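Look at the fold as a whole before turning to single side chains. Then follow the charged pairs.

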Amino acid sequence: MSKLDGIVKPKTKRSKRFLESRAPKLIEDVKSTMIMKGGNTSQTVTTALKDIYSLKKPNAVLYKKKNITRPFEDSTSLEFFSKKTDCSLFLFGSHNKKRPNNFIFGRLFDFHVLDMFELGIEKFISLSEFKISKFPEGTKPMLIFAGDDFDTDNLYKRLKSLLIDFFRGPTVSAVRLAGLEHVLHFTALEGKIYLRSYRCLLKKSGCRTPRIELEEIGPSFDFVLRRTHLASDDLYKLAHRQPKALKPKKKKNISHNTFGTTFGRVHMQKQDLSKLQTRKMKGLRKRKGEVVDEGAEGQEPKVAKVES
């Protein structure tokens, strides 16, 4: 590929296909996640990163080598790896005396860090410790958020948005009932975030709708919120901007009420009621041998019998 005046021009068909895959699209591809560990890690962090990777497969990239970087101080290496692997989400694990068993969840916009949340692992139960059957790889999870902080606190609102972006998986038009197998439950309580993973079991209920039971399959996390890095309001608004082609076009004379009922307004021309076809009644039918005398206006017509 050659670079001329800041524009990269492909020389081969392979490089042309590569540039087309990286070019902006109206409907973007599924967001990929890069998972990496820092220079110092513990066994807890290493196992936890592998478990998160198993939840995110196949839309994730796991780096096995150590990366000596500090995202809150210098994020250039993260932005470099993001551009290299075309990933817009990342998870960075590290461990030190000041911040033991540390996770950093983050996302990028235009290959620049948008926001980051540092969470400390206080308690962790891995997938291997749950000796039960798991869900298939690539299953789209159902996300449940419990706790008033996710709805009232602006910091937790942004964290909720990041977690939805991180775990939601691909966008689908329809889901079958048997495909709803995995549930991720997030609870915010007393300054801590609890993450639990469940498997949906469809039991017989005696009717068409099955009875649902939840079985914990792991991994299980108890997080505590540490440092944060939030984007400015202008940059955050720019990251949520949608192209005009995707915005729904407003339809005229159509409105909706609070219950979702659709109302339509129809415009018609002025009708001539004198030519309106009314219902024919038996009593108003002319009899044989009768002559109708149309009297003055406003008077009833007179009927005269004609003798033969």
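Predicted model: local features only at pLDDT ≥ 70, side-chain atom pairs only at ≥ 80, totals over all residues.

Residues are numbered from 1 along each chain as its sequence is written, and side-chain values use heavy atoms, with hydrogens and water left out.

The chain holds 6 helices and 16 strands. These are DSSP runs numbered from the N terminus, with at least four residues (H or I) for a helix and at least two (E) for a strand. Of its 308 residues, 29% are buried. Buried means under 20% relative accessible area, exposed over 50%, and partly exposed in between (1.4 Å probe, protein chains only). Contacts are heavy atoms within 4.5 Å. Among contacts with a separation of 6 or more, 63% join residues 24 or more positions apart.

Helix H2 covers residues 43-56. Its 14 residues should span 20 Å at 1.5 Å a residue, and the end C-alpha atoms are 20 Å apart, which agrees. The expected span is 1.5 Å times one less than the number of residues. Buried residues in H2 include Val45, Leu49 and Ile52.

The whole structure has 12 salt bridges. Each needs a side-chain nitrogen of Lys or Arg within 4 Å of a carboxyl oxygen of Asp or Glu. Arg107 and Asp165 form one at 3.3 Å, N to O. This pair links distant parts of the chain: Arg107 is in strand E6 (residues 102-109), Asp165 is in helix H5 (residues 154-167), and they are 58 residues apart. Both Arg107 and Asp165 are buried. They also belong to a salt-bridge network with Lys31, Asp115, Arg158 and Arg168.

Glu118 pairs with Arg227 in another salt bridge, with the closest N and O atoms 2.9 Å apart. Glu118 sits in strand E7 (residues 112-125) and Arg227 in strand E12, 109 residues apart. Glu118 counts as buried because its relative accessibility is 0%. Arg227, at 30%, is partly exposed.

Strand E12 (residues 220-229) also carries Asp222. Its relative accessibility is 12%, so Asp222 counts as buried.

Thr261 lies in the loop between strands E13 (254-256) and E14 (262-264). At 37% relative accessibility, Thr261 is partly exposed.
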